[in-house]
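Please open the model in a viewer and keep the selection panel at hand.

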Amino acid sequence: MVYGLYISAEGAQAQSRRLEVIANNLANVNTPGFKSEFAILEARDSEAINEYLDSPGSGSINNIGGGVMVRETKTSFEPGPITPTGNREDLAIRGDGYFQVQYGDQVLLTRGGNFLFTPEGNLTTQEGYPVLGIDGTPIQVDPEAKAVQPGEYFNDRGEVIIGGEAIPLGIARPQSNADLVKFGKNFFRSLGPVNQIPEEERSAAPGMLERSAANPITEMMAMIETTRAYESNVNMIKTQDEALGNLLGRVLRQS
């Protein structure tokens, strides 16, 4: 009976963690360049096996399993849809690559191209992080030239084109997306080296944004499914607790 309580509690805890991941995805359905996450559930060994008191496949009572657990959360790097915004300060990357921005002494990567030009002509993210050029230095333009710029601020090669000068943005890619660790809502920190995208492969969309990759309909369906699984585990805990209480009551009355 107590074993059943533990199994149900493990299931409720796993579904609760999964709900947190889904809720975070839903909270960022409007965050440009956001990459959704998903929880990986895995069968849990019994406590005796985890404590090395028995081994998997032994055929003993310890091999009946220990419920389910969240092994880890992973990020899906599927690109979000690219849509026009009509904002000259917006830029989307077509294909591979990430914009490079400065955060303290770190260089972060992002697909969110909803940039801003400060009154001094510095190109920054919405959070105020400087956007870096291909040479690794923060991008700055002549604010007076920007004020009279007649057309787009960027071109389809990912360059700032203000005042007759083309300044390439830093657009880099890691050796593997597995090297990327999430940092905030739509930023990543690379654990390995990153390389600039070759000029002939650079492709960008001025006046457009890569939207969040989190699909609100899919996430809502996953939330409903997860909530029901959580409630089922909680109801099982209540049922087993009541049964255990009734059993103890009968034993006490007979003693």
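The coordinates belong to a predicted model.

**Stop 1: helix H1**

Select residues 2-27, which make up helix H1. This helix has 26 residues, and the distance from its first C-alpha to its last is 37 Å, close to the 38 Å expected at 1.5 Å a residue. Colour the buried positions next; among them are Gly-4, Leu-5, Ser-8, Gly-11, Ala-12 and Ala-14. Further along H1, the buried residues include Gln-15, Arg-18, Leu-19, Val-21, Ile-22 and Asn-25. To see what covers the buried residues of H1, display strand S1 (37-43), strand S2 (68-75) and helix H4 (216-254), which are included in that cover.

Remain in helix H1 for Ala-23. Is Ala-23 buried or partly exposed? Its relative accessible area is 34%, so Ala-23 is classed as partly exposed, the range between 20% and 50%. Draw a C-alpha to C-alpha distance from Ala-23 to Glu-219: the two are 196 residues apart in sequence and 8.2 Å apart in space.

**Stop 2: helix H4**

The 39 residues of H4 should span 57 Å at 1.5 Å a residue, and the end C-alpha atoms are 57 Å apart, which agrees. At the start of H4, zoom in on Asn-215, where a side-chain oxygen comes to within 2.9 Å of the backbone nitrogen of Ile-217.

**Stop 3: the antiparallel sheet**

Now select the 6 strands of the open sheet, which follow the order S12-S13-S6-S5-S11-S14 with antiparallel pairing. Why is one side of strand S12 (180-183) and of strand S14 (194-196) left without a neighbour in the sheet? Both stand at the edges and each has a single partner strand, so one side of each has no neighbour there. From one strand to the next, the twist averages 50°.

S12 pairs with strand S13 (residues 187-190) over 4 bridges in the antiparallel sense, and Lys-182 stands opposite Phe-188 in S13. Phe-188 also has Leu-109 opposite it, and 2 bridges join S6 to S13.

Continue to S5 and strand S6 (residues 106-110), which run antiparallel and are joined by 5 bridges. Val-101 stands opposite Leu-108 in S6. The hairpin of S5 and S6 has 2 residues between the strands, and Gly-104 there takes a positive phi near 65°.

**Stop 4: the largest nonpolar core**

Show side chains for the largest nonpolar core, which has 23 residues. Those with the most contacts inside it are Phe-115, Phe-117, Leu-123, Phe-154, Val-160 and Leu-169. Strand S4 (91-93), strand S5 (98-103) and strand S9 (159-162) each supply at least two residues of this core. In general, nonpolar side chains tend to be buried together in soluble globular proteins.

Centre the view on Leu-123. Beyond its neighbours within four places in sequence, Leu-123 is in contact with residues including Phe-115, Phe-117, Tyr-129, Pro-130, Ile-139, Phe-154, Val-160 and Leu-169.

**Stop 5: strand S9 and Glu-159**

Move to strand S9, where Glu-159 lies. With a relative accessible area of 11%, Glu-159 is buried. Which residues does Glu-159 touch beyond four places in sequence? They are Tyr-153, Phe-154, Ala-166, Ile-167, Pro-168 and Leu-169. Its side chain also makes polar contacts with two others: one of 2.8 Å with the side chain of Asn-155, and one of 3.1 Å with that of Arg-157.

S9 pairs with strand S10 (residues 165-168) in the antiparallel sense over 4 bridges, and Ile-162 stands opposite Glu-165 in S10. In their hairpin, with 2 residues between the strands, Gly-163 takes a positive phi near 75°.

**Stop 6: a loop glycine**

Finish at Gly-128, in the loop between strand S8 (123-124) and helix H3 (143-147). Gly-128 is partly exposed, with a relative accessible area of 43%. From Gly-128 to Val-107 the C-alpha to C-alpha distance is 14 Å, with 21 residues of sequence separation.

Methods
Residues numbered from 1 in each chain as written. Predicted model: local features only at pLDDT ≥ 70, side-chain atom pairs only at ≥ 80, totals over all residues. Heavy atoms only, no water. Pairing = 2+ DSSP bridges. Axes fitted to C-alpha atoms, helices over the stretch in contact; angles between N-to-C directions. Expected span 1.5 Å × (residues − 1). Buried < 20%, exposed > 50% of the residue type's maximum accessible area, 1.4 Å probe, protein only. Contact = heavy atoms within 4.5 Å. Core = buried A, V, L, I, M, F, W, Y, C linked by side-chain atoms within 4.5 Å. Polar contact = N/O pair within 3.5 Å; in protein donor to acceptor, adjacent residues only side chain to side chain.
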